[in-house]
Amino acid sequence: MTTDSAHRPLQAFRIAGLPPDFYYIPNFISIEEEASILQKIPTQRWINLSHRRLQAHPSTLTKNNTLLAASLPAYLINPIIPRFKELGIFENTSHLQPNHVLINEYKPGEGIMPHEDGKAYASVVATVSLGAAVCLSLTPKSSSDESDVEEKDHGEKWKVPTRILQEPRSLLITTGEAYESLLHGVDAVEIDEGLNPETVANWSLLGDRTPFEEAGGRNVRETRISLTYRDVLKVSSAANKVLGGMFMR
Ligand SMILES: O=C(O)CCC(=O)C(=O)O
Ligand SMILES: [Fe+2]
């Protein structure tokens, strides 16, 4: 298992200095693919929240975190999910592929509080960014446990808190300990500031650093949409529901 890890396609994209594992792939989709997806996101399905808006596909989970089985819309499947398969992103999750996508939209000044994604899902999230760049802020789960998060695996120091800069068309994969031991959020700011190799964990993996360098380490926010692909563990098929209903009579 460990011997072939060096040959795994994701290894070149691993973000160093963070708990295992985050992977960042710039230009995961093309400009044309990005435009096509943006144009297909339905305008009538947005749920407005105070600092962002979102929609869930194929549907919102039930109160006990169950997904009612249904396929994802075609524009969320192709070309993205076949590319996930080539990279083996969901090869160890229960359904071997994502079955749920949350679409989040952030206008300048909007964000999402630090949080964890929790146990409704397999511990893998694949996030495709569309439209503009945004920084994801990472913090240890509890500040009193900071030393636990920083020193693991032979005393290796993790550089948290830190940020991951997500360029438009990029893919960010969060798995395992990175999924379980850190909180992630998007600061509700109009400008991400102080972007440089020390403050941005994936600086060396960026597709194009020049816009941020030329802006003096700033990213002036524009509307950014994210597609977060996940594998929901509990899935209820329509057939199960009917059977369940029969046994209850
Ligand atoms: O927009 C993002 O990149 C993060 C979204 C997020 O954390 C979530 O939907 O749980
Ligand atoms: Fe999240």
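# Close-up views of a predicted protein model

**Figure 1. Overview of the protein.** The protein exposes about 12800 Å², and carbon and sulfur atoms supply 54% of it; accessible areas come from the Shrake-Rupley method with a 1.4 Å probe, and for residues only the protein chains shown count as cover. This is a predicted model, in which local features need pLDDT of at least 70, side-chain atom pairs count only at pLDDT 80 or more, and totals for chains, interfaces and linings use all residues. Residues are numbered from 1 along each chain as its sequence is written, chains are lettered from A and ligands numbered from 1 in the order in which they are written, and side-chain values use heavy atoms, with hydrogens and water left out. There are seven helices and 17 strands in the protein; helices (H or I, at least four residues) and strands (E, at least two) are DSSP runs, numbered from the N terminus. Of the 249 residues, 46% count as buried. Buried means under 20% relative accessible area, exposed means over 50%, and partly exposed lies in between (1.4 Å probe, protein chains only). Among contacts in the protein with a separation of 6 or more, 83% come from residues 24 or more positions apart; contact means heavy atoms within 4.5 Å.

Figure 2. Helix 3 covers residues 80-87, and its buried residues are Ile-80, Ile-81, Phe-84 and Leu-87. Seen down the helix axis, these buried residues fall within an arc of 115°, so they line one face of helix 3. The arc is that of the directions from the helix axis to the C-beta atoms. An α-helix has 3.6 residues a turn, so residues three or four places apart point the same way. Lys-85 and Glu-86 are exposed, on the face of helix 3 turned away from its buried side. The elements against which the buried residues of helix 3 pack include helix 1 (31-40), helix 2 (74-77), strand 7 (124-130) and strand 16 (224-230). After helix 3 comes Gly-88, with a positive phi near 70°.

Figure 3. Which residues are around ligand 1? They are Leu-102, Asn-104, Tyr-106, His-115, Asp-117, Thr-127, Gln-166, His-184, Arg-224, Ser-226 and Arg-230; a residue is counted here if one of its heavy atoms lies within 4 Å of the ligand. This shell divides into two nonpolar, six polar and three charged residues. Ala, Val, Leu, Ile, Met, Phe, Trp, Tyr, Cys and Pro count as nonpolar, Asp, Glu, Lys and Arg as charged, and the others, Gly among them, as polar. A polar side-chain atom of His-115 lies 3.1 Å from an oxygen atom of ligand 1. For His-184, a side-chain N or O atom is 2.9 Å from an oxygen atom of the ligand, and a polar side-chain atom of Arg-230 lies 2.9 Å from an oxygen atom of ligand 1. Taken alone, ligand 1 exposes 290 Å², of which the protein buries 94%. Strand 5 (100-106) and strand 16 are the elements that give two or more residues to the shell.

Figure 4. Asn-104 lies in strand 5 and is buried, with a relative accessible area of 5%. The side chain of Asn-104 makes a polar contact of 2.5 Å with the side chain of Arg-52. A polar contact is a pair of N or O atoms within 3.5 Å; within protein, one must be able to donate a hydrogen and the other to accept it, and residues adjacent in sequence count only if both atoms are side-chain atoms. Thr-228 belongs to strand 16 and counts as buried at 8% relative accessibility. Thr-228 and Leu-102 are 126 residues apart in sequence, yet 5.2 Å apart in space, C-alpha to C-alpha. The side chains of Thr-228 and Arg-230 are joined by a polar contact of 3.0 Å.

**Figure 5. Backbone details.** The peptide bond from Pro-20 to Asp-21 is cis, with omega near -15°, and Asp-21 is found in the segment before strand 1. Another cis peptide bond runs from Val-160 to Pro-161, with omega near 5°. Asn-65, which is not a glycine, has a positive phi near 60° and counts as partly exposed at 36% relative accessibility. Arg-169 is not a glycine either, and its phi is positive, about 75°; Arg-169 lies in the loop between strand 11 and strand 12.
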